[in-house]
Amino acid sequence: LLGKLVKSGNEVCVITPDANDPSLKKYADANNIKIFEFNEKGTFFSENYLFKRKYFLENIEQNIALYEKHIHAIRYNKSKNPIRRLRPVYYWIIYKLIKIFPSIRKCFKKNEKKYFYSLTAKELIDQIKPKKLIATYPVDYKEAVLLHYGNQHSEVETWIHLLSWDNITCKGHFAELADKYISWGPIMTSELKEYYNIKQENIAECGVPHFDLHIEVRRNPDFHKFVNALRLDPQKPYLFFAMSSPHFAPGEIDIVEWLAQQITQYKFGDIQLIIRPHPQNVIGSMADESWISRLKRLDTLDSVAIDFPELNISKLAWSMKDSDMFRLANLINGAAVVINSGSTVSIDALMHLKPVIITSFDGDTQYNYWKSARRLIDFAHLKKLVNLNGVNVVYNYNDLINSIQQYLSNPELHSNERLTALKMECYLSEKLSTDNVVNILTK
């Protein structure tokens, strides 16, 4: 997208928390793109602001994703800081009081801009003087601050172009809005209207630029070499299991181990299994190191392989190597069935028109709902996908066995529903989504 914007005659720059990210720096140098680093450290007050705003602005009890954050802050808080342990209780009391005294919410809205003061951000926007300032993750405090100062400039047109499908419904209201919006498709467009009353003329449905890779791979698949590199037979069919973080699916490692055992016992015939841990499995606050050793043991089994993601050393979250994304797209393309517990991989797989199974259970363990993978399909964005019938949800091992067997015997099962779901989630046109965005921004 950035390279095509440059080729269309635009001057492009990127504001990032890490100007030395290897993939970004290499790409920027090759495409004459300027990089500006903005990595202003947040204070306790700015971090607390992001924490508390959901209590002041949201109907938490009607939003499972937000209610989950509150429950975890109350029940599963590991902080030794008494302030961090007590604040969810304090803000919950305020949340309840707002129902009686709505003026509390009005007062918060009126005064919340004071948290956005940043001389560094103001000077950066003044220095760049952009014609268009495009935010891709406006729930992030630093991006909200930059967007705030962009909105202060009458000559700057601000845009929001979301990189993820759950931002509108799962992250709480954006602290800063924009002049224009780029939407993935009909579902995201309807959410922008519902949550923010955005007018249709200010929304451009363009599809998903980072999913164009899937279209290119689908046109010219090359998965055999990647399967072979994992010591599997590229001529045999395989299941692809894309894992989530233990935070979201604590029993998923048990399901993966169980499924690997079924594969080695030829439960589904002569078929193979590729397991890909989420980057959150490997690194970060949501990782569980015990999973890594268990996955490595599975990697020694016949007909089973682990595809560990390739991460850059960077301050950017989940900074992946380009080769890794290309490999991921190909491995999805070659799969007979794609299994996950409710991540974006569901849509990645739909881009290849593959059968998708969502595991909404925790193996043999019955976790509390607020820790269980069962809660994920109640998140608004996933509930909408499930209701389109383009993915199949399973609730136990027997369901999983039956669903896999059905898709192996009839790969076209639910194919029409998959295509409908894809069109609703990711507006599809004859052009690549990247080209759609370039045309909109340069129009």
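I counted 24 salt bridges, taking as a salt bridge a side-chain nitrogen of Lys or Arg within 4 Å of a carboxyl oxygen of Asp or Glu. The model is predicted, so I kept in mind that local features need pLDDT of at least 70 and side-chain atom pairs count only at pLDDT 80 or more, while totals for chains, interfaces and linings use all residues. Residues are numbered from 1 along each chain as its sequence is written, and side-chain values use heavy atoms, with hydrogens and water left out.

**Entry 1**

I looked up aspartate 29, which forms a salt bridge with lysine 25, the closest N and O atoms being 3.5 Å apart. Both residues lie in helix H2 (residues 22-30), 4 residues apart, about one turn of the helix; helices (H or I, at least four residues) and strands (E, at least two) are DSSP runs numbered from the N terminus. For accessibility I used buried for under 20% relative accessible area, exposed for over 50% and partly exposed in between (1.4 Å probe, protein chains only). Aspartate 29 is exposed at 55%, and lysine 25 is partly exposed at 35%.

Which residue forms a salt bridge with arginine 327 at 2.7 Å between the closest N and O atoms? I found aspartate 307 there, and this pair links distant parts of the chain, with arginine 327 in helix H16 (residues 322-334) and aspartate 307 in the loop between strand E9 (304-306) and H16, 20 residues apart. Both arginine 327 and aspartate 307 are buried.

The side chain of arginine 327 also meets that of glutamate 310 in a salt bridge (2.7 Å, N to O), and here the partner sits in the loop between E9 and H16, 17 residues from arginine 327. Glutamate 310 is partly exposed, with a relative accessible area of 28%, whereas arginine 327 counts as buried at 12%.

I traced an open sheet of 6 strands in the order E9-E8-E7-E10-E11-E12, with parallel pairing, where two strands pair if DSSP finds at least two bridges between them. Its edge strands are E9 and strand E12 (392-394), each pairing on one side only, and the twist averages 20° from one strand to the next. Strand E8 (residues 272-276) and E9 pair over 3 bridges in the parallel sense, and leucine 273 has valine 304 in E9 as its bridge partner.

H16 packs on this sheet, touching strand E7 (238-242), E8 and strand E10 (337-340), and its direction makes about 130° with that of E7. Contact here means heavy atoms within 4.5 Å; axes are lines fitted to C-alpha atoms, for helices over the stretch in contact, and angles run from 0 to 180 degrees between N-to-C directions.

**Entry 1: the sheet of 4 strands**

I also followed an open sheet of 4 strands, ordered E3-E4-E5-E6 with parallel pairing, whose edge strands are strand E3 (132-135) and strand E6 (203-205). E3 and strand E4 (residues 157-161) pair over 4 bridges, and threonine 158 in E4 is the bridge partner of leucine 133. Helix H21 (residues 433-442) packs on the sheet, touching E3, E4, strand E5 (180-183) and E6, and its direction makes about 165° with that of E4.
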